[in-house]
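Here is a short walk through one protein model, meant for someone seeing it for the first time. Keep the sequence and the 3D view open as you read.

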Amino acid sequence: MFWILQKNLFNEPAFQSLQDQLVVQQVPHAVVHLRPFTHEIEPDVEVSGPVFVCGSTGLRHVARRKGWSPGYFDQNLDYRLLLQHYGPRMLNADARVAPLKDACLGADAAFVRPVDDDKQFPGQVMTKAEFSHWQASVMKPDRPHTHSTLTGDDPIVIARPKPLHAEYRFQVVDARVISGSLYRRGASVCQDARVDDRVRRFAQACADIWCPNRAFCLDVADTPDGLKVLEINAINASRFYACDLGTFVNAINALG
């Protein structure tokens, strides 16, 4: 497997550790710069055989254009599919989906996020006033030019805010949880590879039910109502936190 890494993708030591791991395992790779808004990389890379890219959503366009496989895993990341397959295991099993132009919070505050894993806007809790202002700004015909592609026709997810004790990230490859990390406890950001077995078992049980792709990230929350699925993400563009990078490299290489 040849790896393409986007330079300065994450401002975290784990990204350098990933490069170090590729060197240790003698995995061929290249570090590239993605030109903003052009879907072009520098230096350009031409390679045959299996290729895995590790970078922002913009790098997926490069992978598609060049026909790299497995390339970028971005299929089936629609939030509605999570609700369909995971049902009551979802933190936001009560979520409503509506086009932005028709959406209303229905409460003093609500959690709002995109339907797709395309980072059109960050998932967040908004008050009614904040949501109305944001909604109007997106719908404004003469809004200042931005690089956001969000429109009033795009569906968004609206759900009741819920308290979280802790948040975990799991890497899943070929329906098997290969590594995990605690990344938030309460309101505090933290990274810890020591993950309680009950949380790992829950993540694996979810992977046994449904996997959107051969490789993806699964985020799990510990809540007053038990363990719940937060979301799934493209493994190519997800932070590593304290996940085991050696295991990650081995598992991705096996896909080739």
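Let's start with P70, which sits in strand β5, residues 70–71. The peptide bond leading from S69 into P70 is cis, with omega near 5 degrees.

Before going on, a word on the background. This is a predicted model, so local features need pLDDT of at least 70 and side-chain atom pairs count only at pLDDT 80 or more, while totals for chains, interfaces and linings use all residues. Residues are numbered from 1 along each chain as its sequence is written, and side-chain values use heavy atoms, with hydrogens and water left out.

Now look at P43, in the loop between β3 (40–42) and β4 (51–54). The bond from E42 to P43 is also a cis peptide bond, and its omega is near -10 degrees. What makes such spots worth a look? Most peptide bonds are trans, and most residues other than glycine have a negative phi.

You'll find Q26 in the loop between α1 (13–24) and β2 (29–35). Is Q26 buried or exposed? Q26 is exposed, with a relative accessible area of 71%. (With a 1.4 Å probe and protein chains only, buried means under 20% relative accessible area, exposed over 50%, and partly exposed in between.) N76 also has a positive phi, near 60 degrees, without being a glycine. Its place is the loop between β5 and α3 (79–86), and N76 is partly exposed, at a relative accessible area of 38%.

Next comes an open sheet of four strands, in the order β6-β9-β7-β8, with antiparallel pairing. Two strands count as paired if DSSP finds at least two bridges between them. At the edges are β6 (96–99) and β8 (124–127), each pairing on one side only. From one strand to the next, the twist averages 40 degrees.

Zoom in on β6 and its antiparallel partner β9 (residues 155–159), which are joined over four bridges. Here V97 stands opposite V157 in β9. Helix α4 (residues 128–139) packs on the sheet and touches β7 (109–114), β8 and β9, where contact means heavy atoms within 4.5 Å. The direction of α4 makes about 100 degrees with that of β8. Axes are lines fitted to C-alpha atoms, for helices over the stretch in contact, and angles run from 0 to 180 degrees between N-to-C directions.

How values were computed. Helix = DSSP H or I, 4+ residues; strand = E, 2+ residues; numbered from the N terminus.
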